[in-house]
Each structure stands twice: as structure tokens, then as C-alpha cells.
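Here are my notes on this one, point by point. Have the model open while you read.

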Amino acid sequence: MNSKERLAAYLEIVEENDREIARYEELEKGGNTSADKLNEIKQQIINRTNKEIAEKDYIKRSIAGLTSTAQRQIMTYRYIDRLDWNTVIKIMYHSQSDYEINFDKYKRKVFKFHSRAIKNIDKMKSVQ
């Protein structure tokens, strides 16, 4: 699995876990679900959380290996902080006087940094 696929899979794990936690809380509140079923869901959440933690650790180590500050920031905002793309772009370039007028230009810059970061992470992993 390359870095791009691994990052996408990580975000899916996190989102699925968030939904399952919300599901568990709702079922627990409702009081109509058996303890066995709640325990089964809880165990799935624990297993997924462990996988999430391991993947997040891998991602943090990968980001730390990037030499470009912009690449590290964008990858951190997107995958560690789980911010949407528009927020990442805003954080990176909101102080530019032409930010609103040239939003698409800054969006392309962020995506270019992101793409380079993924390539650099893949290179680092192939060397190891």
C-alpha cells in the first residue's frame, strides 16, 4: 500500500470509529440494547482505536521526516488535525492580501505541496 492509500485508509478508520462511538452512545442511551451487543460494539471500537493509534503514529513519524515546512504543516493539518481542505488552505494563506481573489491559486499550491509530501514519504519508506 502506498502512502496515499495508507493516508486515505487512516481517515476512513478514524471516521468509521467516530460513527461507531456515536452509535454506541445512542444505543447505550436508548437502553433497548443488550449488554452483550454493547460489549461487542465496544470491543470493535477498542480494536479500531488501537489500529488508529498505530497508523497515526506512523503518519506522525512520516511527517516528521519531511524537510519542507509547508509540506509538514499541510500534512499535519489534514491528517493529524483532520481539517478539511478549505480550512487547510485558509490557515496556510489567509494572510495573503489576494487570498480571497486568488483562492484557487492557493488551493493548487496546497495540493501541490500535498502531492510532493506523499511522494517524499514514499521515497523515505523505499529507502528504509
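1. Start with R23, which is partly exposed because its relative accessibility is 32%; the label covers values between the cut-offs for buried (under 20% relative accessible area) and exposed (over 50%), with a 1.4 Å probe and protein chains only. Helices here are DSSP runs (H or I, at least four residues), numbered from the N terminus.

2. Before going on, keep in mind that this is a predicted model, where local features need pLDDT of at least 70 and side-chain atom pairs count only at pLDDT 80 or more, while totals for chains, interfaces and linings use all residues. Residues are numbered from 1 along each chain as its sequence is written, and side-chain values use heavy atoms, with hydrogens and water left out.

3. How many salt bridges does the count come to? Eight. One of them joins R48 and E16, at 3.6 Å from N to O. R48 belongs to helix α2 (residues 35-64) and E16 to helix α1 (residues 3-30), so this pair ties together parts 32 residues apart in sequence. R48 counts as buried because its relative accessibility is 15%, whereas E16 is partly exposed at 36%.

4. K37 and E40 form another salt bridge, with their closest N and O atoms 3.8 Å apart. Both sit in helix α2, three residues apart, which is about one turn of the helix. K37 is partly exposed, with a relative accessible area of 32%, and E40 is partly exposed too, at 42%.

5. Now the rings. The whole structure holds four aromatic pairs; rings of Phe, Tyr and Trp (its six-membered ring) pair if their centres lie within 6.5 Å, and planes under 30 degrees apart count as stacked, over 60 as edge-to-face and the rest as tilted. Take W85 and F111: this pair is edge-to-face, 4.9 Å centre to centre with 90° between the planes. W85 is in helix α4 (residues 85-93) and F111 in helix α5 (residues 103-127), so the pair links distant parts of the chain, 26 residues apart. F111 counts as partly exposed, at 33% relative accessibility.

6. Y93 and Y106 are stacked, 4.7 Å centre to centre and 25° between the planes. Y93 lies in helix α4 and Y106 in helix α5, so parts 13 residues apart in sequence are tied together. Both tyrosines are buried. Y93 and Y106 also belong to one aromatic cluster with Y99 and F103.

7. Look at R6 too: its charged end sits over the ring of Y58, 3.5 Å from the ring centre. The rule is that NZ of Lys or CZ of Arg lies within 6 Å of the ring centre and within 35 degrees of the ring normal.

8. Last, helix packing. The axes of α1 and helix α3 (residues 69-80) come within 10 Å and cross at roughly 35°; axes are lines fitted to C-alpha atoms, for helices over the stretch in contact, and angles run from 0 to 180 degrees between N-to-C directions. L7, Y10 and L11 in α1 meet M75, R78 and Y79 in α3, contact meaning heavy atoms within 4.5 Å.

Note on methods:
Helices (H or I, at least four residues) and strands (E, at least two) are DSSP runs, numbered from the N terminus. A salt bridge is a side-chain nitrogen of Lys or Arg within 4 Å of a carboxyl oxygen of Asp or Glu.
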